[in-house]
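This report describes the fold, domains and packing of one protein. Please consult the sequence and the structure shown below while reading.

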Amino acid sequence: MKRTEIVHALKSDKINEDILVKGWVKAFRSNRFIQLSDGSTIHTIQAVVDFEKFDEALLKRVTTGAALSITGKLIESQGAGQKVEIAVEKIEILGDADPEEVSKTVMQPKKHSLEFLREQAHLRFRTNLFGAVFRIRHSVAYAIHKYFNDRGYFYIHTPIVTGSDAEGAGEMFRVSTLDPKNPPLTEDGKVDYSQDFFGKETNLTVSGQLEAELAALALGKVYTFGPTFRAENSNTARHLAEFWMIEPEVAFNDIYDNMDLAEDFLRYICKYVLETNADDLAFLNEREKQEDQAKPTAERNELSLIDRLNFVISNDFQRLTYTEAIEVLKNSTPYKKKKFKYPVEWGTDLQSEHERYLVEKEYKKPVIITGYPASFKAFYMRQNEDGKTVAAMDILFPGIGEIIGGSQREERYDILIEKCKAFNIPEHEIWWYLETRKFGTVPHAGFGLGFERMVMFVTGMTNIRDVIPFPRFPKKAEF
Ligand code: 4AD
Ligand code: MG
């Protein structure tokens with residue numbers, strides 16, 4: 001007989017027909033009710049055992065975590081909460097799970113801290129919480145590909161090993177096959193990378209943008225979706241050393257088209273998840289409500305997870321310039337009461353306390369800030385008429401902070417060369433990038449969405465380490 005996945009079995013109307021399911025035991029109550037999960041849904045199917053018909057030694061092996069193959073009849077459920085259940089005819093143990101061992105792990109059905117779950121990242125997939133998170137993570141990835149595919153974008157694979165550090169987005173991880181104990185040296189005593197694998201210094205990429213621009217200037221509309229690496233020593237709930245980024249790049253788009261695209265894109269993802277992952281979302285929504293009850297009122301979420309997703313779908317984002325943002329901050333109560341730790345001054349970067357104030361207190365909705373001073377944004381961002389600001393945009397989300405960073409790109413060769421000089425970017429390193437501005441250069445724009453930050457928003461998880469299967473952060477590369 002062919003195996004039926006539990007997600008389908010639960011919806012099946014083939015009552016009184018034989019069925020075969022396989023999965024892991026979540027619970028076995030009263031020597032009678034097996035709750036079986038196979039990961040296809042957050043729900044378990046109940047398999048009812050008439051213990052008098054089964055060998056006692058066999059039933060002893062039906063323990064939490066054990067893998068079973070169950071054959072039986074699909075029948076209408078007697079109990080509440082499920083439509084169907086299985087009247088068991090045959091149980092086969094596929095893999096035992098020693099209860100003593102299980103009791104030391106996150107499979108033990110009780111409440112565990114997220115930290116403890118992280119230490120057992122190899123087993124946390126088995127929990128309801130992480131099952132829900134990773135099913136949704138998949139949906140978000142699929143929605144992203146679908147969004148772009150349906151709109152005629154091409155998926156471009158940009159390199160993971162890169163020979164340029166032009167982006168300046170962060171510290172990089174070196175890629176080398178040289179012997180760290182005894183590297184070849186140049187005459188002046190430096191490591192001789194010309195003898196390294198690629199014949200030059202190479203690193204893991206921090207972004208695929210520069211390469212995506214090359215593709216956009218031929219294919220029109222492209223996007224990347226790949227791993228990116230930043231060796232910053234950021235031990236925060238929003239930073240990973242290895243994370244995934246989506247970077248659309250569109251020829252002929254200006255900064256306003258870029259904002260429209262980003263808003264539409266983010267809204268689409270929220271809508272897709274609401275429509276596709278109702279069961280997992282309901283679980284996460286309920287979990288968050290319960291967690292909130294244990295918190296002081298001021299720390300509770302004003303809107304539930306599902307309401308937050310609906311809010312994004314049905315409200316325009318607040319758009320304002322950096323200059324306007326500085327004014328708003330200067331007129332704010334925390335500023336006047338000297339509650340901000342960092343200065344609010346035109347020309348200094350906004351800190352997360354400022355961003356949070358704008359998003360969570362002032363506007364209470366996603367915010368897009370444009371027109372940042374050129375000095376603290378990347379060299380490739382298009383210079384505005386005022387000569388001081390660039391056509392940059394950051395999108396800030398409640399509870400997340402910056403979820404998207406992007407810009408209209410500097411398409412004017414002369415200005416780009418000047419910017420390279422000002423930012424100390426060696427032209428010989430990115431000659432290939434600069435060349436595109438010599439052959440039919442056009443206005444174009446794009447942005448980068450932090451995939452894990454998006455997954456945080458749609459799952460309500462508050463630590464980025466809990467939305468990627470195996471997080472990498474300072475001093476942690478286990479699994
Ligand atoms: O703002 P960033 O650095 O922008 C770029 O890399 C541009 N090349 C994007 C572009 O225009 N094509 O990064 C983009 C997004 C951020 O807004 C944030 O959501 C996420 O990537 N991000 C991180 N996510 C997790 N951990 C980190 N260390 C992150 N750094 C950035
Ligand atoms: Mg940024």
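## Nonpolar cores

A nonpolar core is a set of buried Ala, Val, Leu, Ile, Met, Phe, Trp, Tyr and Cys residues joined through side-chain atoms within 4.5 Å. Buried means under 20% relative accessible area, exposed over 50% and partly exposed in between, with a 1.4 Å probe and protein chains only. The model is predicted: local features need pLDDT of at least 70, side-chain atom pairs count only at pLDDT 80 or more, and totals for chains, interfaces and linings use all residues. Residues are numbered from 1 along each chain as its sequence is written, and side-chain values use heavy atoms, with hydrogens and water left out.

The largest nonpolar core has 90 residues, of which Ile 34, Ile 91, Val 140, Ile 395 and Ile 403 touch the most other members. At least three residues of this core come from each of domain 1 (6–104) and domain 2 (128–171 + 206–466). A second, separate core of 31 residues includes Leu 329, Ala 374, Met 381 and Ile 425.

## Overall architecture

The protein contains 15 helices and 16 strands; helices (H or I, at least four residues) and strands (E, at least two) are DSSP runs, numbered from the N terminus. Of its 479 residues, 50% are buried. Along the principal axes, the C-alpha atoms fill a box of roughly 85 × 60 × 45 Å.

The bounds of domain 1 and domain 2 come from an automatic or database domain assignment. The C-alpha centres of the two domains lie 44 Å apart. Six residues from domain 1 and six residues from domain 2 form their contact, where contact means heavy atoms within 4.5 Å.

## Packing of H9 and H15

Helix H9 (residues 305–314) and helix H15 (residues 451–459) have axes that come within 8 Å and cross at roughly 120 degrees. H9 is therefore oblique to H15; angles under 35 degrees count as roughly parallel, over 145 as roughly antiparallel, 65 to 115 as roughly perpendicular and the rest as oblique. Leu 305, Arg 308, Leu 309 and Val 312 of H9 meet Phe 457, Val 458 and Thr 459 of H15.

## Lys 90

Lys 90 belongs to strand E5 (residues 84–95). Lys 90 counts as partly exposed because its relative accessibility is 48%. Leaving aside neighbours within four places in sequence, Lys 90 is in contact with Phe 54, Ser 69, Ile 70 and Thr 71. The C-alpha atoms of Lys 90 and Leu 178 are separated by 58 Å, with the two residues 88 residues apart along the chain.

Key:
Chains are lettered from A and ligands numbered from 1 in the order in which they are written. Axes are lines fitted to C-alpha atoms, for helices over the stretch in contact, and angles run from 0 to 180 degrees between N-to-C directions.
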